[in-house]
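Reader: Please give me a close look at one part of this model and the packing around it. State the cut-offs for each term as you go.

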Amino acid sequence: RSAQEMKHMENISSLLQGGTPGEYQRPDPKSEREAVAVPGEQPWEMIMDKKHFKLWRRPIEGTHLYQYRVFGSYTDVTPRQFFNVQLDTEYRKKWDSLVIKLDVIERDLATGSEVIHWVTHFPYPMYSRDYVYVRRYSVDKENNLMVLVSRAVEHPSVPEDPEYVRVRTYESQMVIRPHKTFDENGFDYLLTYSDNPQTVFPRYCVSWMVSSALKAKKMEIEVRDYMSAKPIESGGSEGKASMAAAEHKSDGTRGPAQLEYA
């Protein structure tokens with residue numbers, strides 16, 4: 001589904017190009033909203049419009065929250081570098097000063113899915129937030145695509161900590177389309193994201209994704225190559241059991257960290 005959405009955005013992007021390669025024509029807001037919208041879904045509201053970066057948001061029905069969508073491109077980073085940086089938790093700890101904790105809690109050998117515990121600083125006087133989420137990635141060499149999807153889960157080995165506010169609503173889908181190959185500079189990306197509580201997502205999230213890839217390139221820090229690291233094939237029940245544990249639901253009790261903190 002993420003790959004299909006990427007194709008839809010690529011088609012829209014091609015409509016915004018003029019007759020000359022690289023020429024950009026800004027359409028009227030109404031026509032662009034209609035182009036981005038999918039029949040039967042909430043319309044997207046554009047909140048940033050630049051040549052190589054577009055940002056939309058739309059309300060999530062029944063809540064006060066928004067879902068965000070970013071479509072952009074970069075020419076000075078390879079798709080492989082960018083993709084690896086999104087997945088390498090150890091490298092993230094080296095450059096992101098906001099990280100308090102970032103650990104892989106469990107890994108499913110059959111699918112490569114990983115359960116992550118992420119604790120991040122929020123500006124004073126707000127409480128730090130912690131996320132428990134499962135992520136899975138795929139590299140489709142035949143169709144020249146990379147996909148990374150994540151969503152919040154509960155996990156029995158990561159109970160709530162009263163020092164943090166647990167973020168229970170979180171979803172992210174990223175699709176990367178190389179301009180040429182995985183190892184040549186240049187790619188387009190589509191990022192669809194929502195979480196609760198709301199953060200200054202557009203500026204914070206996108207800036208760290210790109211700056212981290214550039215740092216990996218300039219500092220020559222060893223980043224794990226996730227394209228080459230294939231999940232271990234396992235036909236047994238062990239791999240399936242690990243994800244069943246990741247989907248384990250709590251008993252419904254509500255700890256202090258779930259109160260309406262700032």
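**A covered helix and its surroundings**

Author: Helix H3 is mostly covered, with eight of its nine residues buried. Buried stands for under 20% relative accessible area, exposed for over 50%, and partly exposed for what lies in between, using a 1.4 Å probe and protein chains only. Helices (H or I, at least four residues) and strands (E, at least two) are DSSP runs, numbered from the N terminus. This is a predicted model, in which local features need pLDDT of at least 70 and side-chain atom pairs count only at pLDDT 80 or more, while totals for chains, interfaces and linings use all residues. Residues are numbered from 1 along each chain as its sequence is written, and side-chain values use heavy atoms, with hydrogens and water left out.

The buried residues of H3 are Pro79, Arg80, Phe82, Phe83, Asn84, Val85, Gln86 and Leu87.

Leaving aside residues up to four places away in sequence, Ile176 touches Pro79, Phe82 and Phe83, then Asn144, Leu145 and Met146, and finally Phe187, Asp188 and Tyr189. Contact here means heavy atoms within 4.5 Å.

Six of the eight residues of S7 are buried, which leaves the strand mostly covered. S7 pairs with strand S6 (residues 128-140) in the antiparallel sense, over eight bridges; two strands pair if DSSP finds at least two bridges between them. Within this pairing, Leu148 of S7 has Tyr137 opposite. The two strands form a hairpin with four residues between them, and Asn144 in the turn has a positive phi of about 60 degrees. S7 is also joined to S9 by six bridges, again with an antiparallel run, and Val147 has Val175 in S9 as its bridge partner.

Ser2 counts as buried, at 10% relative accessibility.

The whole structure holds 10 aromatic pairs. Rings of Phe, Tyr and Trp (its six-membered ring) pair if their centres lie within 6.5 Å; planes under 30 degrees apart count as stacked, over 60 as edge-to-face and the rest as tilted. One of the pairs, Tyr74 with Phe187, is tilted, at 6.2 Å centre to centre and 40 degrees between the planes. Tyr74 is in strand S3 and Phe187 in strand S10, so this pair ties together parts that are 113 residues apart in sequence. Phe187 is buried at 0% relative accessibility, whereas Tyr74 is partly exposed at 21% relative accessible area. Tyr74 also pairs with Tyr189; that pair is stacked, at 5.7 Å centre to centre and 15 degrees between the planes. Because Tyr189 lies in strand S10 and Tyr74 in strand S3, the parts tied together are 115 residues apart in sequence. Tyr189 is buried, with a relative accessible area of 1%.

S10 also holds Thr192, which counts as buried at 2% relative accessibility. The side chain of Thr192 makes a polar contact with the side chain of Arg69, at 3.1 Å. A polar contact is a pair of N or O atoms within 3.5 Å; within protein, one must be able to donate a hydrogen and the other to accept it, and residues adjacent in sequence count only if both atoms are side-chain atoms. Among the residues that Thr192 touches are Glu5, Trp44, Gln67, Glu171 and Gln173.
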